[in-house]
Amino acid sequence: IQAWHLHENLLHRWMGRRSLRIDTATGGREDDPRKLRELAPIATPDACDALAAHLLPGAAWPPAPAQWKGLPRRAWWRLFAASVPWNLLLAAVLSWYLGAWALLVLLWLPWSAYAAWRQAGRLGYAVDSRLVAVRGGWWTRWWRFAEVDKLQALRLQRSPLDRWLGTATLWLDTAGAGSLSPPLRIRYLPEAEARTLYLQ
């Protein structure tokens, strides 16, 4: 087992359930039947945590609430900014067919801003000597974690916007990462904090 992925959508939360997936280093195609992906397709949060803790002896899962470090809340506007071009493009395309009525699509922008603000409040990470974990999402929540010894590569990435804002993204790669799982990365970190984590 290379990495773990807990997933919880809105229906899961209403029913008190989650799903637990894993990435294994078996090689082959994504749809290879030999790859075990769904460790617990649907289970209670306590059962998922207990299963992960059982298969990770000596590791502290789940991390204590105090171990989770939130990312700067001002990162919300970067999440929001990523959705703006798609909203504008959709409004432009629809205006060709619907005229001024297509501008109603822009009413989605305030909702996008609110959703980005809520997502920024959930972004966080936890690191200790055994595990590195990230969390995110709002309607659909997720946790992604891996043993430190299973990390294949670390990469500190800074876009031009990151350089301007003094932030960075830390990518943590493992073998067998699934294309359907969120990437194991910590975004929008202050540069000094990202470099400290990178060097640990």
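Residues are numbered from 1 along each chain as its sequence is written, and side-chain values use heavy atoms, with hydrogens and water left out. As the model is predicted, local features need pLDDT of at least 70 and side-chain atom pairs count only at pLDDT 80 or more, while totals for chains, interfaces and linings use all residues.

We can start with the open spaces. Rolling a probe the size of a water molecule over the atoms shows where empty space is left. Here a pocket is an open set of points on a 1 Å grid over the protein atoms alone, where a 1.4 Å probe fits, with protein on both sides within 12 Å along at least five of seven lines; lining residues have an atom within 4 Å of a point. Grid points are joined across faces, edges and corners, and a volume is the space filled by probe spheres set on the points.

The largest pocket has a volume of about 340 Å³. Its lining consists of 23 residues, and those nearest the centre are Leu-79, Gln-119, Leu-123, Arg-185 and Arg-187. Two or more lining residues come from each of helix 3, helix 4, strand 6 (131-137) and strand 10 (185-190), with helices (H or I, at least four residues) and strands (E, at least two) taken as DSSP runs numbered from the N terminus. Helix 3 gives the most, with 5 residues. By class, this lining holds 13 nonpolar, 6 polar and 4 charged residues; Ala, Val, Leu, Ile, Met, Phe, Trp, Tyr, Cys and Pro count as nonpolar, Asp, Glu, Lys and Arg as charged, and the others, Gly among them, as polar.

The second largest pocket holds about 200 Å³ of space. Among the residues that line this pocket are Val-127, Asp-128, Ser-129, Leu-151 and Leu-170. Strand 8 (151-157) and strand 9 (167-174) each supply at least two lining residues, and the classes are 9 nonpolar, 2 polar and 1 charged.

Glu-147 counts as buried because its relative accessibility is 17% (buried means under 20% relative accessible area, exposed over 50%, partly exposed in between, with a 1.4 Å probe and protein chains only). Its side chain makes a polar contact with that of Arg-130 at 3.0 Å (a pair of N or O atoms within 3.5 Å, one able to donate a hydrogen and the other to accept it; residues adjacent in sequence count only if both atoms are side-chain atoms). Leu-107, in the loop between helix 3 (76-98) and helix 4 (108-122), counts as exposed because its relative accessibility is 60%.
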